[in-house]
Amino acid sequence: MTVDRRWQLSLRVVALAYLGALLFVPVGLIFYRTFEHGLAAVWESITTPAAIHAFQLTLEVTLIAVPLNTLFGIVMAIALARGRWRGKGLINAFIDLPFAVSPIVIGLSLVLVYGVHGWFGGALANAGIQVIFSVPGIVLATIFVSLPFVVREVTPVLKEIGDDQEQAAATLGAGAWTTFRRITLPAIRWGVAYGVVLSVARCIGEFGAVSVVSGKISGETDTLTLLVDKRFSNFDLAGAYAASALLALIALVTLLAMTTMNRRREEGDT
Amino acid sequence: MSATSLTGPRSAASGGSAPAGGAARRAAPAWRSTGALGLGVATLWLSVIVLLPLSAVVVHSLDGGLGAFWDAVTSRQALSALRFTVLVSLATALINVIGGTLIAWVLVRDRFPGKRFVNALIDLPFALPTIVAGLVLLTLYGQRSPVGIDIAFTQAAVLVALLFVTLPFVIRSVQPVLIELDTEMEEAALSLGARNATIFRRIVLPNLVPAILSGAALAFARAVGEFGSIVLISGNIPFKTQVSSVYVFNLIESDAPTSAAAVSTVLLLVSLAVLLAIRGLGRWGARHDR
């Protein structure tokens, strides 16, 4: 379809205006608002003990959730792409649930299992373990929301490459582990990496599910996103902007990683 | 019938290289290496992390009996929140259908300086934490708006927040299809004297429909459950700007877990229905795929 110049220009203007009003200008403005009172104030506000603790907790939770889900993702992706087993369609559908379910419902679901009146609440309380309003609850919520990313990135790659090379390696006498390490893993590495980046972004940014289970105890169960909300509610706008700018910066770095990896993948560097 | 038409052309396409007895072929080594044990552990993980908690929601929603469930779901505030959630999510999906397709078209077929930069930034709403998204929009469209547009605490604000977080879905699902699309058919139509509008309607659009619809369904599902970006900008006014997820959050905070579970169950059913619809669309798209 060869659209004439006039049409092409007006479509371009409409598209860019929409993106500008919705995306570019607001995100640009948040950086402007953050730094309009100078860098020192921003630095001060993201290095308060509460902010540093929130940052550490966010990192900690991410470092627990992402490796576990990566391991799960690779194993599940191989089972989905290579295996034939009963219930595959059902499991395949269930994996998408964390994408579709509201984060608030996810938070509530954890409260109903691990909370004081939940299914395991009594047993956990007797054992002296607190999950809800504590760090384990935040970890569980984060694992829940970031569960599908690696599976969903790796499965199509496995299907695409087929199993010819794996068969060949096996024929030549390679063991299962060797085949995986030397053939499968190198082929899926960009898919895995992409999934990991998406998971990290989601773990750092999760708000709804975490806000239900955290209890928001300052210096204990506040993550970075909860800190933004808390500062905003306490009319500490500058503080909220500073923490937001930090999160937005992390998002931009994530985006850069995504773009670079996409290019690598498209260049067929597998 | 649908199953054969689904697998028919695909297996025929790959049949040339594959050995005749496809079913007799041994399982791939990568699969044998994890095998049943790996699958068992992975399934257990999925069950403990996702399925067990979600079933707790459904079970707890019936704690007070069916009557209490019904009362919680049909209370005036719950119904009003649910109605607004569904309507504003539908509006979000619809605007995404038009805006997303338009942006995808511009990003694929148009050429302008900075296109790669714009293309990379499309994913920002996925990477940006939702609470930051809410704050970002409140900064531009709130009381201290530098452009003089104050829509904070209105239904329009909720729509804008949802449009922000769902922006990439339609674009990212339409873009690859548009790239793959052969321009030969369009050129043929052009040479036969078809006008642009006709070419778009008769040739481009039919090829894009499955991708547009599945992107819109994803956007709808995301909009129905969205919380973080809405909570600051909506003002959470009952009967006006309160969406279901925020309503559930209030129920949890006011210690009414059974009612919260009941409304959540309805939201879960909506998510499940959308997931099923997307799978159906995927099959349909695959069948139309040549």
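Tutor: Helices are DSSP runs of H or I with at least four residues, and strands are runs of E with at least two, both numbered from the N terminus. This is a predicted model, in which local features need pLDDT of at least 70, side-chain atom pairs count only at pLDDT 80 or more, and totals for chains, interfaces and linings use all residues. Residues are numbered from 1 along each chain as its sequence is written, and chains are lettered from A in the order in which they are written.

Student: What pattern does chain A follow along the sequence?

Tutor: Chain A has 14 helices and 0 strands. Read along the sequence, its pattern is therefore α-α-α-α-α-α-α-α-α-α-α-α-α-α.

Student: Which helix of chain B gives the largest share of the side that touches chain A?

Tutor: Two residues are in contact if their C-beta atoms, placed from the backbone, lie within 7 Å. By this criterion, 74 residues of chain B are in contact with 78 residues of chain A. The largest share of that side of chain B, 21 residues, comes from helix 2 (residues 29–61).

Student: Is B:Leu272 buried, exposed or partly exposed?

Tutor: B:Leu272 lies in helix 13 (residues 257–288) of chain B. A residue is buried if 20 or more other C-beta atoms, placed from the backbone, lie within 10 Å of its own, exposed if 12 or fewer, and partly exposed in between. Because B:Leu272 has 16 other C-beta atoms within 10 Å, it is partly exposed.

Student: What percentage of chain A counts as buried?

Tutor: The burial criterion applies to the 270 residues of chain A. Of these, the buried share is 49%.
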